[in-house]
Amino acid sequence: MIAVVTVSHGSDEVLRPFLASVAGASRQPLRVVVVDNKPLGSEARAIAAEFGAEYLSDTNRGYGYGINTGVASLHETPAWVLICNPDLVLAPESIDILRAIGESDPSIGAVGPRILNADGTTYASARALPSIRTGVGHALFANVWTSNPWTRRYLQGNGGEPHRRDSGWLSGACLLIRGSTFVELNGFDDSYFMYFEDVDLGYRMQKAGHRCVYEPLAAVTHTGAHSTQAESARMLAAHHESANRFLSRKYHGVLLWPLRQAIAVGLWVRSRFQQRRGTH
């Protein structure tokens, strides 16, 4: 069984084209679950029923929690789970391409597609795991010195021609993960309310000996964020809070306290800079 699990948060406008694209993304039967963590006033239940998808109403306890809830509702371990945002359109047979790569080697735990922005450019969805150097360097200089070596290392050369390769982590916006791997790792760490739950998953996969592979022959298109402008500041704060949580956990211990402080300062500087620019 291949399952598709998505989390809707006021996503009515994009949910219908997403679900319409899912059917053509695989020649195999799919079990689709929509977890609605903003059900008040939502039409997600009706939209899910329209496409034969299962619907779960939930409170908003974060993206990772929502995905975990959706997978748990299956009551059996699927061979593969496509984890994805609802503001995507999947290219025909994209799920089958990802699955074929995953099944070519048992060491592969997850496969990620090429994620295209609405303007046709490629989003850097397969990156190196953040380290002290790349984490602080990228945080401090990404917005003022775009070609800095730390950001280039972190993005793993995403600016070049896309090609299949191993990656430290894959964007949780869309990735196909082996069901047994997801269960082994207890899914996402739901202490991350928003952002970095995918980085943490990639880190734990690597520690457990599972590979993350980027396969650009499979493509999905990000149709555009549907969050309100009022939520942008909250999302920016959550991003930097999650980044700090991940790096602090990775570099724990008394002796590394100065490094953790450097990380916190770097992320604070980046957050302040982006708030002034009105970006995230």
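Ala, Val, Leu, Ile, Met, Phe, Trp, Tyr, Cys and Pro count here as nonpolar, Asp, Glu, Lys and Arg as charged, and the others, Gly among them, as polar. All views show a predicted model.

**View 1. Lining of the second largest cavity.** The model holds two cavities of 30 Å³ or more. H8 supplies the largest share, four residues. By class, the lining splits into seven nonpolar residues, one polar and one charged. Rolling a probe the size of a water molecule over the atoms shows where empty space is left.

View 2. H3 spans residues 63–72. Seven of its 10 residues are buried, so the helix is largely enclosed by the rest of the structure. The buried residues are Tyr63, Gly64, Gly66, Ile67, Asn68, Gly70 and Val71.

**View 3. Strand E11, covered on both faces.** E11 runs over residues 174–178 and is mostly covered, with five of its five residues buried. In a regular strand the side chains alternate between the two faces of the sheet. In E11, Cys174, Leu176 and Arg178 point one way. Leu175 and Ile177 point the other way, and all of these residues are buried.

**View 4. Strand partners of E11.** E4 and E11 run antiparallel and are joined by five bridges. Within this pair, Val81 has Ile177 as its bridge partner. E11 also pairs with E6 (residues 108–116), again in the antiparallel sense, over two bridges. Here Val111 stands opposite Leu176.

**View 5. Cys84 and Cys174, without a disulfide.** The count of disulfides in the model is zero. Cys84 is in no disulfide; its nearest cysteine sulfur belongs to Cys174, 5.2 Å away. Cys174 is likewise in no disulfide, with the sulfur of Cys84 as its nearest cysteine sulfur. A disulfide requires the two sulfur atoms to lie within 2.5 Å. Cys84 has 0% relative accessibility, so it counts as buried. Cys174, at 2%, also counts as buried.

Key
Residues numbered from 1 in each chain as written. Predicted model: local features only at pLDDT ≥ 70, side-chain atom pairs only at ≥ 80, totals over all residues. Heavy atoms only, no water. Buried < 20%, exposed > 50% of the residue type's maximum accessible area, 1.4 Å probe, protein only. 1 Å grid on protein atoms, 1.4 Å probe; cavity = no way out; pocket = protein on both sides within 12 Å on 5 of 7 lines; lining within 4 Å. Points joined across faces, edges and corners; volume = space filled by probe spheres on them. Pairing = 2+ DSSP bridges.
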